[in-house]
Amino acid sequence: MSKFRLEFKLKQHTPIIHFQSEQSGATLRATELKPKLDRFLLENVEGIPFKENANKHKSLDYKVKIEANGKSERTLPNSFLFFANNVIKEDKDKKHMVKVQSIKIEFFSFNLEVLEAIEKYFNEFMLISNFGARSTKGYGSFSKKLNDTESILKKYYPIVFKISNPNMNNWEDIVDTLHKKLKAGINFRSYHKSLLFQYMSMCSL
């Protein structure tokens, strides 16, 4: 492989809600990944060379190509709350969750310093980044490898929750319940004040 090129194989852990899910190549998008990766590297790699446009926007000099095979889709149910709590009712408005069997990502740049930073930090970036719609709810999760994930996550988050032997058929319920316990609270079948509310109440004492 050329010294100006990097190639990784990714594992997809959760489906991505894709705005063009009906298209054959719908998967992780380079146009979403590159700005997020640029921002991550600029914040975490001291002295990395960058370009700056007239609006003072900084970016890194590399190109990204993503290829995926074996796409499967699942339609979001009518009860699924999308943006602004609007329930999707019309077929033309249906969104789909996409998952692929294999995905390959390729980076190309003549700037070897940028490529070295990508090679060193790409797995950390993927572990703390999700993609597509509702990414904060656990959708759109990918990684290059799964070695030592807990220690990597603790570099960026003071608290890491670990679920023992999760049933991947109900991962959405697990994430949704955890998200509600943290932020909104639960008032269905049981009552649970959010941990954020409890923390802010303690701070105000």
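A salt bridge here is a side-chain nitrogen of Lys or Arg within 4 Å of a carboxyl oxygen of Asp or Glu. With that in hand, let's look at this predicted model. Arg29, Glu32 and Lys36 are joined in a network of such bridges. By the same rule, the count comes to 7 salt bridges.

| Pair | Closest N and O atoms |
|---|---|
| Lys65 and Glu67 | 3.3 Å |
| Lys51 and Asp61 | 4.0 Å |

Are the two partners buried or exposed? Arg5 counts as partly exposed because its relative accessibility is 29%. Glu106, at 17%, counts as buried, since the cut-off for buried is under 20% relative accessible area.

Next come Lys51 and Asp61, bridged with 4.0 Å between their closest N and O atoms. This pair links distant parts of the chain, 10 residues apart: Lys51 sits in strand S3 (residues 51-52), and Asp61 in the loop between strand S4 (58-59) and strand S5 (63-69). Lys51 is partly exposed at 43% relative accessibility, and Asp61 is partly exposed with a relative accessible area of 40%.

Finally, Glu67 forms a salt bridge with Lys65. Glu67 is partly exposed at 34% relative accessibility, and Lys65 is partly exposed at 45%.

Note on methods. Residues numbered from 1 in each chain as written. Predicted model: local features only at pLDDT ≥ 70, side-chain atom pairs only at ≥ 80, totals over all residues. Heavy atoms only, no water. Buried < 20%, exposed > 50% of the residue type's maximum accessible area, 1.4 Å probe, protein only. Helix = DSSP H or I, 4+ residues; strand = E, 2+ residues; numbered from the N terminus.
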